[in-house]
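Please walk through this structure with me, one part at a time. Keep the sequence and the model side by side as you read.

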Amino acid sequence: MVLKVFFPTCCVSAVSGLLVGRWVPEQSSAVVLAVLHFPFIPIQVKQLLAQVRQASQVGVAVLGTWCHCRQEPEESLGRFLEALGAVFPHEPWLRLCRERGGAFWSCEVTRRQAPTAPGAPGEDQVMLIFYDQRQVLLSQLHPPTVLPDRQAGATTASTGGLAAVFDTVARSEVLFRSDRFDEGPVRLSHWQSEGVEASILAELAKRASGPVCLLLASLLSLVSAVSACRVFKLWPLSFLGSKLSTCEQLRHRLEHLTLIFSTQKAENPAQLMRKADTVASVLLDVALGLMLLSWLHGRSRIGHLADALVPVADHVAEELQHLLQWLMGAPAGLKMNRALDQVLGRFFLYHIHLWISYIHLMSPFVEHILWHVGLSACLGLTVALSLLSDIIALLTFHIYCFYVYGARLYCLKIHGLSSLWRLFRGKKWNVLRQRVDSCSYDLDQLFIGTLLFTILLFLLPTTALYYLVFTLLRLLVVTVQGLIHLLVDLINSLPLYSLGLRLCRPYRLAAGVKFRVLQHEAGRPLRLLMQINPLPYSRVVHTYRLPSCGCHPKHSWGALCRKLFFGELIYPWRQRGDKQD
């Protein structure tokens, strides 16, 4: 039988004593957590272990003895260590010894009960595995270990293999809190942090942050209650709140701030990492927003943008007028229906004239609007980008109207042609059963259907050309808005803290371990060094990615082309909860 002993590297040079740790019978493994030094009183040791078991719900016990022959005389120490097995009974009992040369180790396993199975070997083979106690304590194994229900009094984790080792060290943190300069009744050797002053400052910061978080949480709850008032649920306000990206981003940031300043303690490491990632995301967003604000208010850049915005809008309107005049003639030598072409062209030109009048009416207020837009950057770069997306939507509202008019007219003709084509084949669409059934038509119905089909078929190229042009313009605007939304979602969902942790301390996010052979000789226990494999960056982003406020399209390119062919309205970047047309 192979018995694995996980020994911390920080205890290699410890003086002789007792091995304190946990025995995992399912894996035939012993996880050593600390070395208990002489002198000690057995009753005090048992009280300490009982306190650790009660606080961590880990079955910590004395596993055996540790002898460092390089520091202690071997004659009288061996018998004394053997006698301690009666004071701290454990099955099996380990006797780990580092020989005087310092390069060789010996490990013996003593069992009070002989193996009862026939043919079972009488002597266990020991595999000695060294691990860095600090890294294992601070790391989180992925996928995370399943912790037992501590309230139910479970003492073993429902994990196996290496997960049991990581879980044992992580939950035994209460054993490592004693200071190395503290002369208590029980002296232990294990990994201890040297930042005692830093821990004091951290404790003072925790005590001071409690009232501050409570006050800010109360203010945020008040803001949430005001935003949930019935006044904001009326039709104009509710419609604007669901369509504007700025309102959606403000609601998303309000959820982030509520999570950050919440006084509830994180239940597991995943929630703690999510809160840390949220804090890093908000800080980065505000920092980028302040940089944008300082750039806009320097050298009168807002005034220059305001002076350039109205001429650009006029130039776009003039180009649309030229485009419509080109479509009203013979575009690319195509033969269009003269009457329908003139009606559609004049209809769209009238809208452009209205839009130019609206732009000139709003031109005195453009600089004030841009100044407030720049001032909103103090709330974060994402708020400023969302407001920019809404401004682009307002400035190109006439293009959206053209696209909707052309799409609806084109969709009406496509559906009419498809229905009339079924009429020629003696078919009809069954609305109740949602299928195509056979149907008999008389002569008058076939004549009227043929007449309507001919009219719609000859008018389709004119409508399709207007629909194609305005669809391309709409897709151009949507592409610009989509890039802005993708940048906003990247800032909102990027787990910056997790990525920084992976970059600076890769052992904190562990994807597994690897073993390196230290010594392999006949008659000696095999010695291995356990090293942590860090989690890949792609898995870090996938695991700790924050939820974003946007909703990306889920249909494929085939479905998108089908919608474009049949004239259905397409909104590639819609918000959650919106109804698809």
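Helices here are DSSP runs of H or I with at least four residues, strands are runs of E with at least two, and both are numbered from the N terminus. The model is predicted, so local features need pLDDT of at least 70 and side-chain atom pairs count only at pLDDT 80 or more, while totals for chains, interfaces and linings use all residues. Residues are numbered from 1 along each chain as its sequence is written, and side-chain values use heavy atoms, with hydrogens and water left out.

An unreviewed UniProt entry lists "transmembrane region" for residues 278-296, 343-361, 373-405, 446-469 and 475-499. UniProt positions are given in the numbering used here, feature names are shortened, and annotations may be inferred rather than shown by experiment.

In the model, residues 1-17 are 0% helix and 47% strand. The end C-alpha atoms of that span lie 26 Å apart.

Which residues make up helix 13? Helix 13 runs over residues 397-424, 28 residues in total. From first C-alpha to last, helix 13 reaches 41 Å, close to the 40 Å expected at 1.5 Å a residue. The expected span is 1.5 Å times one less than the number of residues. After helix 13 comes Gly426, with a positive phi near 75°.

Helix 14 covers residues 443-493 and has 51 residues. Its end C-alpha atoms are only 63 Å apart, short of the 75 Å that a straight helix would reach at 1.5 Å a residue. Where does helix 14 bend? The bend is at Leu460, by about 40°, and the proline Pro461 follows within four residues. A bend is the angle between axes fitted to the seven residues ending at a position and the seven starting there.

Now look at the surface. Phe447, Ile448, Leu451, Leu452 and Ile455 form a nonpolar patch with about 480 Å² of accessible area together. Patches take residues with over 30% relative accessible area and no salt bridge, joining like charges within 9 Å and nonpolar side chains (Val, Leu, Ile, Met, Phe, Trp, Tyr) within 5 Å. The areas come from the Shrake-Rupley method with a 1.4 Å probe, and for residues only the protein chains shown count as cover. Ile455 sits in helix 14. Ile455 counts as partly exposed because its relative accessibility is 42%. Buried means under 20% relative accessible area, exposed over 50%, and partly exposed in between (1.4 Å probe, protein chains only).

**Loops**

Most residues other than glycine have a negative phi. Ser28 has a positive phi, near 50°. Ser28 lies in the loop between strand 2 (17-24) and strand 3 (29-37). At 11% relative accessibility, Ser28 is buried. Gln57 also has a positive phi, near 60°. Its loop joins helix 1 (42-56) and strand 4 (60-68). Gln57 is buried too, at 17%.

Pro185 is in the loop between helix 4 (162-171) and strand 9 (188-189). At 56% relative accessibility, Pro185 counts as exposed. The C-alpha atoms of Pro185 and Phe40 are 6.9 Å apart, although 145 residues separate them along the chain.

**Salt bridges**

How many salt bridges are there? The count comes to 6. A salt bridge needs a side-chain nitrogen of Lys or Arg within 4 Å of a carboxyl oxygen of Asp or Glu.

Arg251 and Glu248 form one, at 2.6 Å from N to O. They are 3 residues apart in helix 7 (residues 245-260), so about one helical turn separates them. Arg251 is partly exposed at 40%, whereas Glu248 is buried at 15%.

Asp285 pairs with Arg253, with the closest N and O atoms 3.0 Å apart. This pair links distant parts of the chain: Asp285 is in helix 8 (residues 269-296) and Arg253 in helix 7, 32 residues apart. Asp285 is buried at 0%, and Arg253 is buried at 7%.

Finally, Arg562, Lys563 and Glu568 are linked in a network of salt bridges. Between Glu568 and Lys563, the closest N and O atoms are 3.3 Å apart.
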